[in-house]
Amino acid sequence: MTALSGAHTIGQARCATFRDRIYNDTNVDAKFAALRKQTCPQTGGDATLAPIDVSTPTWFDTTYFENLANKQGLFHSDQELYNGGSQDVMVRVYMRNPDIFAADFAKAMGKMGSLMPSA
């Protein structure tokens with residue numbers, strides 16, 4: 001799951017999907033939250049977009065994992081991957097070893113692609 005979450009290295013998200021994180025979570029970098037608050041007010045602006053990966057939003061790379069280590073995950077669920085739990089180690093491995101991340105991501109995508117939908 002940690003490898004698959006690395007897909008969040010590209011793309012954008014609507015303000016409504018991350019508002020609670022930037023206004024209420026305690027494990028968020030203050031400067032990062034302030035940056036996102038500039039375009040995502042506490043009320044309204046639900047459709048306003050922000051890059052999921054603040055550093056390299058259009059590159060498929062491991063910067064997403066560095067963002068997590070710096071408490072700059074846009075989604076609460078992403079930041080939980082690096083929050084003093086069992087996946088902290090994998091986040092550090094992926095941020096330092098792009099080849100390992102790429103191999104694990106490809107393997108995980110292959111597994112996910114072979115899943116059959118349930119009835």
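Helix α6 (residues 88-96) has Asp 88, Val 91 and Tyr 94 buried. Here buried means under 20% relative accessible area, exposed means over 50%, and partly exposed lies in between (1.4 Å probe, protein chains only). Looking down the axis of α6, you will find its buried residues within an arc of 130°, so they line one face of the helix; the arc is that of the directions from the helix axis to the C-beta atoms. These buried residues pack against α1 (2-5), α4 (63-69) and α7, where contact means heavy atoms within 4.5 Å.

A word on the model: it is predicted, so local features need pLDDT of at least 70 and side-chain atom pairs count only at pLDDT 80 or more, while totals for chains, interfaces and linings use all residues. Residues are numbered from 1 along each chain as its sequence is written, and side-chain values use heavy atoms, with hydrogens and water left out.

Next, the charged pairs. A salt bridge is a side-chain nitrogen of Lys or Arg within 4 Å of a carboxyl oxygen of Asp or Glu, and by this rule there are 2 salt bridges.

| Asp 46 | Arg 19 | 2.9 Å |

Asp 46 is partly exposed, with a relative accessible area of 34%, whereas Arg 19 is buried at 15%. In the other pair, both Asp 25 and Arg 21 are buried.

Finally, the whole chain. The protein chain has 7 helices and 2 strands, arranged along the sequence as α-β-α-α-β-α-α-α-α. Helices (H or I, at least four residues) and strands (E, at least two) are DSSP runs, numbered from the N terminus. For 119 residues, a compact globule would have a radius of gyration near 14 Å, and the 15 Å of the protein chain agrees; the radius is taken over C-alpha atoms, and the globule rule is 2.2 Å times the number of residues to the power 0.38. The C-alpha trace spans about 40 × 35 × 25 Å along its principal axes. Of the 119 residues, 35% count as buried. Among contacts between residues at least 6 apart in sequence, 65% join residues at least 24 apart.
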